[in-house]
Amino acid sequence: MRKHILFIVSILFSLQCYSQNQKDSTKISITQKALGEGLKLITRTGGDSVLVENSEDRFLPYEGKIIRNIYIESIGFEKSIYGNEKPITQKIGRTANKLHTNTREKTIRQHLFIRPNDLLNPYKLGDNERFLRNKDFILESRFVVITVDNSDSVDVTIVTRDVFSIGLSAGGSFPSAPKFNLYDANLDGRGQRIEFNFLFDQDRKPKTGFGASFKKSSFLGSFADLEFFYTQLNSGFSYGDETEYATGIIIDRQLVSPYSRMAGGLQLSKNWSRNVYSRPDSAFLDYSYNLVDLWAGYNFGAKKKIQDRNRAFLALRVFDGYYSRQPDLEGLIRNKIYNNASGVLAAMTFYKRDFFKTQYVFGFGRTEDVPYGYSITPTFGLVRQLRTQRPYAAIKLEYNAAFSSGSFYDLEFNVSSYFRNSILEDAVFTSNISYATKVFTIGRFKIRNSAMLNYTQLFNVFANDWLQIDSSIIPGLRIRELDASKRNSLGLQTIVFTPWSIIGFRIAPFTAVNWAMMKCRTCEEKNNIYTGISAGMRIRNENLIFGTMELKATYIPNDESGDSKFSFSFRQNLRFRKTEVFVTAPSLNRYNN
């Protein structure tokens, strides 16, 4: 009897092993095929035309199919998005593979909108591709759909390509006050970012400053990012003019797809000034404040028909900035920065948004997602500033358009005002128009032109600051002293993406012209005109966590003192807008001061 039982058990075990082997063999066959398709989508040669494709196009033939299995595959650094690289670059890629831990399968699954047995929604797959691709530790993601023979089912394989997630940057002033930043954006392949900042300043007491933060992407698969931070380097939510220490927590769950229902966030921060540069008591601003910012929103229409992307999103925000210790200086009594501020805002956003994929916007050949569609957002609230409580109302209109040729433009209009004693107060009107041409190809060079026009006007100023000019408008120029209530600005740029590469770093020279006019109430010259003429170079290695680095020289014929000057700047981590977010928290009209 015992022999018979053992014989039956051995047969059952053999059948289970055979079944498992067959299943594994089927999986390997499917994923190998999908990996090959994914490689074709991710890699391209320098001679290929620029990608212009709606995010859902590849998935439309599979609409309504049942998702049977979801597989995850990763591509190593030896595979370049440009196709075949030079031998030395390939060798560096193999070395990077040994030092880097690829994003784990569990981490990828924590960022998926789809599950087995779901009906395939082409738009949701496009949204999910983009959501993964916009994570700073992932260079590219592609979903490959393979039909299951003689059935109404499909298998989906997610093919991803990481960036090398360890980064180091240096800044500050050399050699007297260097600042270093060390981070890993994908610690142990788990979507965890850990970052350390160090400052060594001879004039500072103590001479060493320190900052640290930890962030987990899609905590427990909730699509909410969780972050903790501490800083002695004025790098938190700093509003005052002194060096601030700060500690806090951020929870952020954006609306990542029109098929999601909930979004929200929480920010808590404690900030306090420290006299690290031994300024006299009469000049040092001694203060401490706490920030609390909470919002939540609900997306109506998440279950609409697949093709209908029109939605309405209702959100509520409560914020409070409270000074436990205010600076004891008479001149700051009417300064809104050093006074308590709190409020409640509610907004209803009506929107429709889709995306197309392209390259050569800020990236150097990586896939970038450009939105098109509209949003209309009326906002109402009650805000308390400078010990005065006022109703607030605003409306924001946004329209994005993209053409099959690859050109696109954005229109944005924003009107807002506070109300007191039936009078409009601190009213602001802003408009922005931006346009980017399609990429023109001349030989192996790719050229894109862009333009941006802005108009801002203030009415009946009470607590708002006057308009300013800073480096975002004209590089190297800062105008703060004018009582300006109106500002026009125009920026034109031409960038050339070259085929040149030095150990994986690609080069793109550019030229730019920036112009601004300020209308001043109290100046002799009512209209003050400023110009900047720039030339520079952008450098990027798509394998690395660093964004685009920019070296720029700007000639300013007429600066804040009326003199001409040259300005030189270096910026890092230039990126395209955060396109994975559809709507955000209700906010006050944040014009560029």
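Okay, Asp426: you'll find this residue in strand 18, residues 423–436. Strands here are DSSP runs of E with at least two residues, helices are runs of H or I with at least four, and both are numbered from the N terminus. Asp426 has a positive phi of about 50° although it is not a glycine. Asp426 also has a relative accessible area of 1%, so it is buried. For the cut-offs, buried means under 20% relative accessible area, exposed means over 50%, and partly exposed is in between, with a 1.4 Å probe and protein chains only.

Quick word on the source. This is a predicted model, where local features need pLDDT of at least 70 and side-chain atom pairs count only at pLDDT 80 or more, while totals for chains, interfaces and linings use all residues. Residues are numbered from 1 along each chain as its sequence is written, and side-chain values use heavy atoms, with hydrogens and water left out.

Back to the backbone. Most residues other than glycine have a negative phi, and most peptide bonds are trans. Phe223 isn't a glycine either, and its phi is positive, near 65°. Where does Phe223 lie? Look in the loop between strand 8 and strand 9 (225–231). Phe223 has 13% relative accessibility, so it counts as buried. Then there's the bond between Lys205 and Pro206, which is a cis peptide bond with omega about 0°. Pro206 is in the loop between strand 7 (192–200) and strand 8 (208–216).

Next, the rings. A pair of aromatic rings is described by the distance of the centres and the angle of the planes. Rings of Phe, Tyr and Trp (its six-membered ring) pair if their centres lie within 6.5 Å; planes under 30 degrees apart are stacked, over 60 edge-to-face, and the rest tilted. How many aromatic pairs does the structure hold? There are 26 aromatic pairs. Take Tyr351 and Phe582: their ring centres are 6.4 Å apart and their planes are at 45°, so that pair is tilted. Tyr351 lies in strand 14 (residues 341–358) and Phe582 in the segment after strand 27 (565–574), so the pair ties together parts that are 231 residues apart in sequence. Buried or exposed? Tyr351 counts as buried, at 1% relative accessibility, and Phe582 counts as buried too, at 5%.

Now try Phe445 and Trp500. Here the centres are 5.6 Å apart and the planes are at 85°, so we call the pair edge-to-face. This pair links distant parts of the chain, 55 residues apart: Phe445 is in strand 20 (residues 445–459), and Trp500 is in the loop between strand 22 (479–497) and strand 23 (501–502). Phe445 is partly exposed, with a relative accessible area of 29%, and Trp500 is partly exposed at 46%. There's a cluster as well: ring pairs link Tyr239, Tyr287, Tyr289, Tyr323 and Tyr338.

Some rings have a charge over them. That's counted if NZ of Lys or CZ of Arg is within 6 Å of the ring centre and within 35 degrees of the ring normal. Arg193 lies over the face of Tyr183, 4.5 Å from the ring centre. Likewise, the charged end of Arg420 sits over the ring of Phe462, at 4.4 Å from its centre.

On to strand pairing. Two strands pair if DSSP finds at least two bridges between them. Strand 5 (residues 166–173) and strand 6 (residues 177–184) run antiparallel, with 8 bridges, and a hairpin of 3 residues joins them.

Last stop is Met262, which lies in strand 11. At 43% relative accessibility, Met262 counts as partly exposed. How far apart are Met262 and Leu314 in sequence and in space? They're 52 residues apart in sequence and 9.9 Å apart in space, C-alpha to C-alpha.
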